[in-house]
Amino acid sequence: MRLELRGITKTFGTLVANDRIDLTVEPGEIHALLGENGAGKSTLMNVLYGLLQADEGQILLGGQEQHFKGPGDAMRAGIGMVHQHFMLIPVFTVAENLMLGNEPTRGPVLDLASARRRVLEISARFGFQIDPDARIEDLPVGVQQRVEIIKALSRDARVLVFDEPTAVLTPQETDELMSIMRQLRDAGTAIVFITHKLREVREVADRITVIRLGQVVGEASPTATNAELATLMVGREVDLVVDKAPAAPGADTLVLDRLTIADPLGHLVVNDLSLTVRAGEIVGIAGVQGNGQTELAEAILGLVRPLSGRILLSGEDVTKSPPRRVLDAGVGFIPEDRTEDGLIKSFTIAENLMLDRSNGAPFVRFGSIRQAELARFAAEKVEEFDVRTPSPSEQVGRLSGGNQQKVVVARELSRDLKVLVASQPTRGVDVGSIEFIHKQIVAARDAGVAVLVVSTELEEIQALSDRIAVMYHGRIVGVVPGDTPRERLGLMMAGEAVAA
Amino acid sequence: MSAVPPVIDAGQPSRMNAALQRILNGNWLVGIVAVVLSILVGSVLIAVTDSGVQAAAGYFFARPLDTIAAIWESIAGAYAAFFRGGIFDYRAATFAEGIESFAESLHRSTPLIIAALGIGLTFRAGLFNIGGRGQILFGAAFGGWIAFGTDLPYVIHPIVAVLVGAVAGAFLGAVAGALKAFTGAHEVIVTIMLNFIALNLLVWALNPGGPLRGQGSSPLTPPPPESSLFPFLFPGYSVTAGFLLAIALTAGVWWLLERSSLGFKLRAVGENPAAARTAGIDTKAITIIAMALSGALVGIAGVELALGETRRPFGSSIDNGVGFEAITVALLGRSRAWGMLAAGILFGIFRAGAVQMRIAGYSDDIVTVVQALIVLFLAAPPLIRELWGVRPDGRRKAAKA
Amino acid sequence: MSTDLVNPMTTSIQRVRLVSWKAPIGYAVIAALSLLLFVGLASDGVATFVLTEADAAIQLAPVDVGARAFGTIVAVLLVLLTGVAFVLATRRRPVPVWLTLVFGLLFVVGFLTWAAGAATQTNTLQVAGLLAGTFGVAVPLIYGSLAGVIGERAGVVNIAIEGQLLFGAFGAALVATMTGSPWAGLVAAAVAGVLVAFVLAAFSIRYFVDQIITGVVLNLLVAGLTSFFYSALMTGNPDQFNDPRLAQFSRFPIPGLSEIPLLGPMFFEQTLIGYLAIVAVLVTWFALYRTKWGLRLRSVGEHPTAADTVGINVNRTRFWNVALGGAIAGIGGASYTIGTGVAFGENMTGGAGYIALAAVIFGQWDPLKAALAALLFGFTSNLGSQLSLIGSPVPSVFMLMLPYVVTVLAVAGLVGRSRPPAADGQPYIKS
């Protein structure tokens, strides 16, 4: 069935998320929708799926104009979606998730047997092995995604939207997903593939539409080069190469010694991991999201207590220290999710800048906050870190993502550091701010700070790191030089130990 | 909702529209509309249950004016009594006597203000202390125990009672805080349960032979001695030194919340506990401290109820609904120290006015209804906006149709 | 593709079992308490348990037990079970539910023996009467807990159960008296509960007002409204507005079943409202897990966005289920007035709604377990009054306190594992 979007416009307050977007997807075609984070891809798909209503524009399916009031309408019309954050209920079984919203019943009672049969039937078509009675929360991420696909197919979707489906997958799982997508295409399904990863687009797409800042900026064929696509996507040449001198590493500053961490369910998310970061070098931790990087970073700060192993800071054991002591010992911490863990949106920039120094000097005297001192400091940092804001007393929530992140970086780098742990330091940040933040991190290294960068963006790891440690299933599968080729890193991210 | 970063500015909304938004978002108009609407509902209730109105309504079609007159009479009578009791008694011989009503209102507002300060403090820390009743009972019990159990000089006696009551309330608050911090038990559930545990403990202590039981046949404490009572501020007026204490505590809570390092951490934990924890703030300690401070303030309100307001032997109903009413005061005051002082005085007027309404033959429970309605309307500015003809998402109703 | 690759689909992250010492420690505390009470503070008296009521068709002989000897046996058994729990914990295995049930039952029996043995008035405990009264006390709690379970499973915390019970009791008394029909009263009670629920649902679902604040304020509002109408309307004209004696449901024992010793008088000599409670629990329990309604209800409480993406209208589902809960709680309130023929009184529910809330949590958001918790709380409060009658060494207030203490321990995770629905209490706001 042919999908046609005509002139879709969607605004949120003053933000125009989609600006007169046209898009056509033919049956038996994989149409990639390429764009940066925040370009408006997900908004467009939410409009298509009935989760949002467009302000203007038309949706046509097989030539018929559609009016979706909710996802139910879209589903009935034959649109299926594999969501970036899986829309599965963790405590339900596979079969229960499959039938939710479209329940087979006998009288008022659910017909579980027929739902089970449906799971097995569709699984068999693609060679999946899925237990219909397994609870979602007990399944690995890759399998959960397959349940999402089965769920869409069980409703006879003829247009299937994949929203950033590879973010949580290893390169191998990604390859398998690509072959599933081709299989679906060959069976006549129209596929929309939303992504910001150039390599995947060129590998699988039949046609490519690029959007930027809510507008379609061009179409491209899969034969286009990476550079051409990237230029379309960001509007100018991407230059993720950071100018930096060779590292001059000093003493072992951060030492992780046989660290093991369990999550609340007992999964060993970090398993017997050892790693050393020296003063004046940047060690990057590469890996697919969800392989223990988050927990590792949180353990260094003292937010998570390891099951066993030691964390040494310049020789001092801080394994069981609370965050306060770790911060005081000279650790800077840029959390991977700034709005969740890094900032308090309703606080001002100034208040956020003193967040990790709320106990004593320089901002607190006799239990009282020194307003004048804080204001002076905030004005200075806003200037130094190029935070674009009308005033340091502006609420942080009103700043753009890049400027918010600069506030976090400014706060962490304004203390005397021995170690900087930076998780996803530029996630959701505009290109200009990325360059700025990267330069600050390199400057910290040159000043003798031991830097640990955790990122799921391989480009970022490659641009910043002096050494790269690849993490897989809670272990470090190898530590390699910063200029290791991408293909090699990809294999390691899939769990292949490096032949030293 | 606010997840959308304001990267692109697609022109300002029209000036008229923005002004409307600002007025409707502003607290003061919402507050006034809430109060007016609530009083309107209260008036309807008074009118329909009034026997004179019911009688006149029986021959409404014959003489409709009678019904309207009866309605006016019942409502005007009720609110006149309310005014005489809560603000100024215009029937009194002198101004000094007339203003006794307002002094009484200040007197009755004292425990509300102090308890609301405690509950508002937890709101700011992202916590919800519904344990006001239990903490008041604990404060009153232990403060009372100091009053009739020890022999201390004037001035010192109530001060010691206040301190001991504060500690007792703080203990109960800290239990909820500690359970929240260390086991994740929801403080709402725990404080509700602690209310009943405290109530049963007090009932037990007031049983014959119990540690707080007085001489009489009813389950009441012994009378507190004169030395332990809160002194009156002016001869002939009921307002006591407790009201000065309430103002001092308001100032203290203002400094704590808006100016101190502890308050900064408390607000940080309230707004975003994960970020506070990542910034090295000990969220568990802050949770316990906030609940303990809150319990201490509410406990002081309990002492005030026993030794400032009641001044006589008291039983297990000493809290007199203050524990829950203080929640509404804290909400009305938007958890800002001076806002809670003002809201407390307003509700003090309600409490004093209700007494006069009862004397005048009206049911004083209507005051509780009006208070609850005010908070309901206040809690939902979108509701008021909707009554105004604007949809919850800020668009005019007409725009969609 | 090279074959030496680890296949990420088949291997998953290593997992260890984490040890929880909560259960064994809880056991140990109770076992120590039993040793102290049943052995250390035991009396030499003989406790007599009367198992059938005087007019029952089947008569069982009263059971006599020596308080000290029997108490010692129970205490030793409890200590042994505690040992078992510790052994299980060191082997990283969870303590099974049935073990806790056995442990609890043993403790209750031991406690009754000790309390009756040491009583000052009489050493005879009317077990039959105790059980028969339990269900009556528990009926409003059961309805209230069902309302709570349905609301919270849909993602709306219902603190207003208290208000719904109270308004139900009021509405039932008023309408039943005015019409002379208990059936009209029952409908009025349900409507009254629904009205309170509508306000709760509208504020929390449409206006995103904090559900706890709405619930607390609603309880105040209902208390004020009912007290106002009570004094403005009912006290002047009781026979016109507030005399449910003439329009109450009477008890009808079920022939045969009501003759079963102990359980018969407990469950099968009820009014219609009592039987309806049993039916409601069983139906809700089945429907929650086995019907389309239940699946959708649970989905909006666990992951509303996911439910939305499969075409379920989250807020509508929540709204009507909160309303359904209100109707159920309202009927529970009717048991206070037209269920027993008692006139409505100010605040006559006396905090039962909060105990029902406690039962929801202690019952882990499951209709059956919550009803059992409500029964347990009904039992303890009934036991409190029995114990004060026989002159027991335990003041009755401590028995009345038990539901609250147990709930505090439950939410603290010391008793049972409480995991609320994932989206419980969170409004669903579409971006």
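How far apart do the C-alpha centres of domain 1 of chain B and domain 2 of chain B lie? The C-alpha centres of these two domains of chain B are 31 Å apart.

## Model and confidence

This is a predicted model, in which local features need pLDDT of at least 70, side-chain atom pairs count only at pLDDT 80 or more, and totals for chains, interfaces and linings use all residues. Residues are numbered from 1 along each chain as its sequence is written, while chains are lettered from A and ligands numbered from 1 in the order in which they are written.

For the complex, the predictor gives an ipTM of 0.83 and a pTM of 0.85. Confidence in each residue is expressed as pLDDT, which runs from 0 to 100. Chain A has a mean pLDDT of 87, with 97% of its residues at 70 or more. In chain C the mean pLDDT is 86, and 94% of the residues reach 70 or more. Residues 1-12 of chain C have pLDDT below 50, and this stretch has 16 contacts in the model beyond near neighbours in sequence.

## Chain B and its domains

Chain B contains 18 helices and zero strands. Of its 401 residues, 56% count as buried, a class that requires 20 or more other C-beta atoms within 10 Å of the residue's own, whereas exposed residues have 12 or fewer and partly exposed residues fall in between, with C-beta atoms placed from the backbone. Among the contacts in chain B with a separation of 6 or more, 73% join residues 24 or more positions apart; two residues are in contact if their C-beta atoms, placed from the backbone, lie within 7 Å.

The domain assignment, which is automatic or taken from a database, divides chain B into domain 1 (17-86 + 362-392) and domain 2 (106-360). Their contact takes 18 residues from domain 1 of chain B and 16 residues from domain 2 of chain B. On the domain 1 side, α4 (64-86) and α16 (365-379) of chain B each supply at least two residues, and α4(B) gives the most, with eight residues. By class, this side has eleven nonpolar, five polar and two charged residues. Nonpolar covers Ala, Val, Leu, Ile, Met, Phe, Trp, Tyr, Cys and Pro, charged covers Asp, Glu, Lys and Arg, and the others, Gly among them, are polar.

## A helix pair in chain B

Two packed helices are described by the angle between their axes and the distance between the axes. The axes of α7 (residues 132-149) and α8 (residues 156-183) of chain B come within 7 Å and cross at roughly 145°. Axes are lines fitted to C-alpha atoms, for helices over the stretch in contact, and angles run from 0 to 180 degrees between N-to-C directions.

The residues that meet include Gly134(B), Phe138(B) and Gly143(B) in α7(B), and Val160(B), Gly165(B) and Leu172(B) in α8(B). This contact comprises twelve nonpolar, eight polar and no charged residues.

## Interfaces of chain C

Towards chain B, 37 residues of chain C are in contact with 39 residues of chain B. On the chain C side, α6 (182-206), α7 (211-234), α14 (352-362) and α16 (396-411) each supply at least two residues, and α7(C) provides the largest share, 16 residues. This side has 28 nonpolar, eight polar and one charged residues.

The contact with chain A takes 27 residues from chain C and 37 residues from chain A. Here α11 (292-302) and α12 (304-309) of chain C give two or more residues to the chain C side, with the largest share, five residues, coming from α12(C). The classes on this side are twelve nonpolar, nine polar and six charged.

## Individual residues

Most residues other than glycine have a negative phi. Asp272(A), in strand β14 (residues 268-278) of chain A, has a positive phi near 55°. Asp272(A) counts as partly exposed because it has 14 C-beta neighbours inside 10 Å. Arg334(B) also has a positive phi, of about 50°, and lies in the loop between α14 (322-332) and α15 (337-359) of chain B. Arg334(B) is partly exposed, with 14 other C-beta atoms within 10 Å.

Ala447(A) lies in the loop between α15 (431-446) and β22 of chain A. With 11 other C-beta atoms within 10 Å, Ala447(A) is exposed. The C-alpha atoms of Ala447(A) and Leu417(A) are separated by 9.5 Å, the two being 30 residues apart along the chain.

Key:
Helices (H or I, at least four residues) and strands (E, at least two) are DSSP runs, numbered from the N terminus. pLDDT is the predictor's confidence in each residue, from 0 to 100.
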